[in-house]
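Please keep the sequence and the model in view while reading.

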Amino acid sequence: MASEPENTEGTPIPSSEAAAPSPLVAALQREHPEWISDVIAAFGEITIVVPREQIVAACSFLKTWPESRFDFLADICGADRGVEEDPRFEVNYHLFSTTKHHRLRLKVVLSEEDTHVSSVTGVWRTANWHERETFDLFGVIFDGHPDLRRILLPEDWQGHALRKDFPLRGYEPYSLT
Amino acid sequence: MSSAPNIPPQFEIVDRPLDTQMTISMGPQHPSTHGVLRLELVLDGEMVIKTTPDIGYLHTGMEKLFEYKKYQQGIVITDRMDYLNPLGNNLAYCMAAEKLLGLEIPERAQTIRVLMCELQRIASHLVWLGTHALDIGAMTVFFYCFREREKILNLIEAASGGRLTPSYFRIGGLMMDLPAGFERRCKQFLEAFPAAVDEFHTLLSGNRIFQKRTQGIGRISAEDAIDWGLSGPCLRGSGVNLDIRRANPYCSYENYDFEVPTEPDGDVWARYMVRMREMKESHKISAQALSRLKPGPVKADAPKVVLPDREAMKSHMDALIHHFLIVAEGFDVPAGEVYQPIEASKGELGVYIRSDGGSKPSRVHFRGPSFVNLSALPVMAEGEMVADVVAIIGSLDIVLGEIDR
Amino acid sequence: MGLENVIAEALPEVLTTQLDSLINWARKSSLWPATFGLACCAIEMMNATSSRNDLARFGAEVFRASPRQADVMIVSGRVSRKMAPVLRRIYDQMPEPKWVISMGACATSGGVFDNYAIVQGVDKIVPVDVYIPGCPPRPEMLVHAVMMLQDKVSKESARDRRDVPEEEAREAVPPGTLPVTDGSTARLNTLPESRPYTIASRHERRRSS
């Protein structure tokens, strides 16, 4: 992979300390430094923390930029850091390039009070179902999504199942007897 | 019509299209939806105007279960996800955990992993072929495919103890080494297999009915396929040469000699041909892996993560202590997150693990290829007839366990 | 079948052993399952019908897709909460006599998945006749379960299996209550949610086993 950093230990490198974790991130930093609020390079992967408002601009740029060509959105994955954490939620976008075969992760962090983020379905149409799943399981609301409703849990389910404060067994058992 | 038929006067010929559309629900209990999938079809007569998949009928909450189980306990759950390719799920999860831990897997373990994964890929494609042909109407192929599959299941059962839910891989290597006689039986199977694939071709590929039901149906272009996130044989059937085993190699796949079959058309027939050719390629890789097996350890050298052998545990005190600690408390995994993609039989299976430093993960997410492939069904099925929808679902090779998790 | 209703109503005191053994022999030798494969156990069920373990030798000749033509429902796989009403509805659509085999650990008791999404045992929804443990059970175990069911069928009495009267059955399953998800048909605002979903089938209340 072209963008693999030399350091493969488990410690994250903040962008202020490392000179350039990878040529791709360095080039992106030159072009649009306002999109990069943090860079984590660990375990052979690069994560860029993007401010929430810039995610659509960053994604559409990365899709067509000749340096990166991230035309394939592999996955959108939400995560709940914990009830006590602030910011609590994060949304990870896993990008892949079918021509250059390199990968990148973009991360958006959201606090509990304001779980809105713009939808990237205009950039990759596959984001549709991934964002529905993240909304269903975490309650992250994607503004601009054409059809944001539950996908895995039943339509009338209350609560968001993968949040850390939702109990594993749910609230009541299902029984007709 | 030039000559009007002889219709009695009390009837009249109505020659305007119906201006009402019909919405019907196909599933969730349906023989051809390959699981509990519900499709809402908006039909104009026989033609599909719009289709909306409704999933979630098999949602098992597996991703939440992972957060309550130690890493090695999670391997058992991964079997039940894509239940036609359980060794692939095991592999992806174990590799993601090994990436976090920074473990070095010995060569024999990697070779056996490749061998078992390719055998599993053949088994998964055999189920696909059997059920796809059954839906289209060819029932004989179902029995032929399952006959071949029984041989593979016997091999997997000999190695791991489970036919359908083997959980053979562990974080750090394998559960245990291959049993005696495995290589001989595997070689026997591999020698007889190409003749079986040719037999399937004689049953289906030259059949005019099968060709008419699959050629030109469910087309998707390469740009659409990439935009909708298709992967695996669905993407390669549209002409895009992308295989994770070549793009981001893992388990020393770069040392094996195999081709990546692609077909340019993007219809059901193209996906069928890609998978048939893939079975032969998997057979090639398995034969190479089998010939490369050399004696050696099958578990990584990490006593705090990998369970010791039973004999060592019973005779050495430190092995006993490690065994106890690993089973009772688990091992601490460094904090961080990884995304490990592999080429499962259905496409790019990606595992995202986020660890907070404890013995249980904080978030595990499986990017199931069938989940994404199914989201492209409305694009493929628009304008096709209802019977073609059945063929298209079959060609997507979906497994609801992976979609709903 | 009309015969049981006639016997049960017209001749309640008459012992019907010879007739019973004939009817039961006919029933147990042609138990046609309804396709209700949900998850991994469904693949083992498919293995049980394929050439190595041939379930058709025991009478399960065809798997009928329509529940109206089926005798036994083999619930193979985990039942999620979204699927549970569908399961009950399919069970209600099967005419008497009907039996249920709960195949696998997930159908029997929730299996590995003790969480919010899975019903902990399909016997919370439908009455089960034979339970099969295993995850997944081997195809031979399914064959053994079918044979156990055949033993059970041979001990039954024909009068115990009357059909549910028509009005009750029609009332129990309100039509049009499958969720419509994209608004393409009119949403019913009056979904009867407070009513119990269905009534207990008559043979759930019988005392023999």
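## A helix of chain A

Which residues of helix 2 (residues 55–64) of chain A are buried? They are Ile55(A), Ala58(A), Cys59(A) and Leu62(A). These residues span an arc of only 95 degrees around the axis, which places them on the same side of helix 2 of chain A. Their cover includes strand 4 (89–96), strand 5 (103–110) and strand 6 (116–118) of chain A.

A residue is buried if 20 or more other C-beta atoms, placed from the backbone, lie within 10 Å of its own. The arc is that of the directions from the helix axis to the C-beta atoms. Helices (H or I, at least four residues) and strands (E, at least two) are DSSP runs, numbered from the N terminus.

## Basis of the model

The model is predicted: local features need pLDDT of at least 70 and side-chain atom pairs pLDDT 80 or more, while totals for chains, interfaces and linings use all residues. Residues are numbered from 1 along each chain as its sequence is written, and chains are lettered from A and ligands numbered from 1 in the order in which they are written.

## Where chain B touches chain A

Contact (C-beta atoms, placed from the backbone, within 7 Å) links 34 residues of chain B with 29 residues of chain A. Among the elements of chain B that give two or more residues to this side are helix 3 (86–101), strand 6 (336–344) and strand 7 (347–355).

## Contacts of Met73(C)

Leaving aside neighbours within four places in sequence, Met73(C) is in contact with residues including Pro33(C), Phe36(C), Tyr91(C) and Val100(C).

Key:
Two residues are in contact if their C-beta atoms, placed from the backbone, lie within 7 Å. A residue is buried if 20 or more other C-beta atoms lie within 10 Å of its own, exposed if 12 or fewer, and partly exposed in between; C-beta atoms are placed from the backbone.
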